[in-house]
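This report describes a structure for a reader who is new to the subject. Please consult the sequence and the model shown here.

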Amino acid sequence: MITIELNGKQQTLPPGSAVTDLLSIIGSDGNTVAIVVNDLIIRPDKRSTHLLQDADRVEILVFAGGG
Amino acid sequence: MDFLQLGSYTFSSRLILGTGKFSNTTVMLEAVKASGAQLVTVALRRFNREQLADDLFSPLKALPEVTLMPNTSGASTAAEAVRAAHIARELSGSPFIKVEIHPNPQHLMPDPIETYEACRILAKEGFFVMPYIAADPVLAKRLEEIGCTSVMPLGSAIGSGQGLATAEMINIIIRESNIPVIVDAGLRSPSEATLAMEMGCGAVLVNSAVAVSEHPPEMAEAFAEAVAAGRKAFKAGLMPKSSSAIATSPLTAFLGVNT
């Protein structure tokens, strides 16, 4: 298993997991989120091929209410 | 028609609505519809599987008239704001970004130096940059010069409901500006929105005044009418002020009284 930091918390994943696998685990269809891995924005067409590595810092962001 | 031009976008509504602090998403959506707002602000937050209802992207995207203007709230430096803007554009597909950099959560006053730097970078990158600023005419002019689409001076502190405390400074900004001036923050009542528009603001941005009112959709509609009335009055041209009375009725030839 590998351990990544997801939104500031530790998350374990099978080795070779892509960003889309992480989305499945957290229950997001990916349509309404932005994903940043180690400060790099991962666009939707790259999510299935971008493999996560041990110690990656992943931010998954949504739009919430704000003024 | 009298349109608000922001970048390459034109809007018939001059009321911009924030989406924070509503009791729930349904009420927020009703308020957006009632307001007629075509530009609404949103904030970036971390995904939380326990709070999926907080994700506003889909419900707002379902409103065909609405364009999203993400903000950079939470950023305390220019670098953080630029990063947030990039992420927000990726998600929203909107060229608009409200640059909001306030390092002190007690007063939420915008940092002029970090704001200027973030705006400089984002304007060069082609964003339609809408900075939230103190009502500082010099800063406003500098931001216009580096390509900001609008400047958004605060009427008073965010969420304070203290109205147009900075009215005189905003008047100067309006006189000096060649881009729309949008009062952002502090408005409490529709009459204050009318006053801002009568002064010559291009639009007003309202959030708390609607969101924490007892009936947000009704208050949103009231603000929409107030903004439209103020704009119409501005276009019609207010009468000049006089320090003495000027009669509206004839004062001569009255009941045989000779003057």
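Is Cys148(B) buried or exposed? Cys148(B) is buried, at a relative accessible area of 4%, where buried means under 20% relative accessible area, exposed over 50% and partly exposed in between (1.4 Å probe, protein chains only). Cys201(B) is likewise buried, with a value of 0%.

The model is predicted: local features need pLDDT of at least 70, side-chain atom pairs count only at pLDDT 80 or more, and totals for chains, interfaces and linings use all residues. Residues are numbered from 1 along each chain as its sequence is written, chains are lettered from A and ligands numbered from 1 in the order in which they are written, and side-chain values use heavy atoms, without hydrogens and water.

**Cysteines**

Zero disulfides are found over all chains in the whole structure; a disulfide is a pair of cysteine sulfur atoms within 2.5 Å.

| Cysteine | Closest cysteine sulfur | Distance |
|---|---|---|
| Cys148(B) | Cys119(B) | 4.0 Å |
| Cys201(B) | Cys148(B) | 16 Å |

**Chain A**

Chain A contains one helix and five strands, arranged along the sequence as β-β-α-β-β-β. Helices (H or I, at least four residues) and strands (E, at least two) are DSSP runs, numbered from the N terminus. The C-alpha trace of chain A spans about 40 × 25 × 20 Å along its principal axes. Of the 67 residues in chain A, 48% are buried. Among the contacts in chain A with a separation of 6 or more, 52% join residues 24 or more positions apart; contact means heavy atoms within 4.5 Å.
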